[in-house]
Amino acid sequence: MQKEVVIRDLERMAYSECWDLQRSLFDALCRAKAEKSLGTDYPIGTILLVEHNPVYTLGKSGNAQNMLLSEEYLKGLGAEFYHIDRGGDITFHGPGQLVCYPILDLDAIGIGIRRYIDILEQSVIDLAADYGIEAHRSEGASGVWVTQGNRLVKLCAIG
């Protein structure tokens, strides 16, 4: 079986449209994986690259009280707000920020989730180093961080 990952550059896309696309790709990957026993080759995933209009999301483990602005106020700023069924607390995505949504069959790739997250983090750390940015992991927190003075600042969220 050829292990193919499709990379799609969506340029700029509304969050809700991208969310719908992610769910449809995930469902299709699950169906293809289930049919694999029939000997069918299938792409083992898709990586979506996208930039969103201003949007805040609240993940399933987040606390709505951490959103300090009302949805009406956000709408007045031209931003959207969504409750989503994954991830952590409040996350902002907006113009100029590249977002990567990998939808992958890790079994077919042959790695577990912890190893996969380590690979993602290391890739971002290596890329940052190419630009002269000293990035690192932070014990007990996912993502990639930089130190500014005595503060940790998140460079890349993973969730």
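**Entry 1: the pocket lining**

I sorted the lining of the largest pocket by residue type and got 31 nonpolar, 11 polar and 8 charged residues. For this sorting, Ala, Val, Leu, Ile, Met, Phe, Trp, Tyr, Cys and Pro count as nonpolar, Asp, Glu, Lys and Arg as charged, and the others, Gly among them, as polar. The model is predicted, so I note that local features need pLDDT of at least 70 and side-chain atom pairs count only at pLDDT 80 or more, while totals for chains, interfaces and linings use all residues. Residues are numbered from 1 along each chain as its sequence is written, and side-chain values use heavy atoms, with hydrogens and water left out.

I then looked up which residues lie nearest the centre of the largest pocket; of the 50 lining residues, they are Cys100, Pro102, Ala157, Ile158 and Gly159. A pocket here is an open set of points on a 1 Å grid over the protein atoms alone, where a 1.4 Å probe fits, with protein on both sides within 12 Å along at least five of seven lines; lining residues have an atom within 4 Å of a point. The volume of the largest pocket is about 2000 Å³, taken as the space filled by probe spheres set on the points, with grid points joined across faces, edges and corners.

Which element gives the most to this lining? Helix 1 does, with 9 residues. Strand 2, strand 5 (90-93), strand 6, helix 4 and strand 9 are also among the elements that each supply at least two residues.

**Entry 2: the chain as a whole**

I counted 4 helices and 9 strands in the protein chain. These are DSSP runs, numbered from the N terminus: helices are H or I with at least four residues, strands E with at least two. Along the sequence I read the pattern β-α-β-β-α-β-β-β-α-α-β-β-β. The C-alpha trace spans about 50 × 35 × 30 Å along its principal axes. Of the 159 residues, 30% are buried (under 20% relative accessible area; exposed is over 50%, partly exposed in between; 1.4 Å probe, protein chains only).

**Entry 3: the sheet 1-2-6**

I found an open sheet of 3 strands in the order 1-2-6, with mixed pairing. Two strands pair if DSSP finds at least two bridges between them. Strand 1 (5-12) and strand 6 (99-104) are the edge strands, each pairing on one side only. The twist from one strand to the next averages 15 degrees. Strand 1 and strand 2 (residues 45-51) run parallel and are joined by 6 bridges; Ile7 has Ile47 in strand 2 as its bridge partner.

Helix 1 (residues 15-35) lies across strand 1, strand 2 and strand 6, at about 20 degrees to strand 6. Axes are lines fitted to C-alpha atoms, for helices over the stretch in contact (heavy atoms within 4.5 Å), and angles run from 0 to 180 degrees between N-to-C directions.

**Entry 4: the sheet 7-8-9**

I found another open sheet of 3 strands, in the order 7-8-9, with antiparallel pairing. Strand 7 (135-138) and strand 9 (151-156) each have a single partner strand, so one side of each is without a neighbour in the sheet. Strand 7 and strand 8 (residues 141-148) are joined by 3 bridges, and Ser138 has Ala141 in strand 8 as its bridge partner. Helix 4 (residues 113-130) lies across strand 7, strand 8 and strand 9, at about 150 degrees to strand 7.

**Entry 5: Glu11**

I looked up Glu11, which is in strand 1. Its phi is near 60 degrees, a positive value in a residue other than glycine. Is Glu11 buried or exposed? Glu11 counts as exposed because its relative accessibility is 59%.
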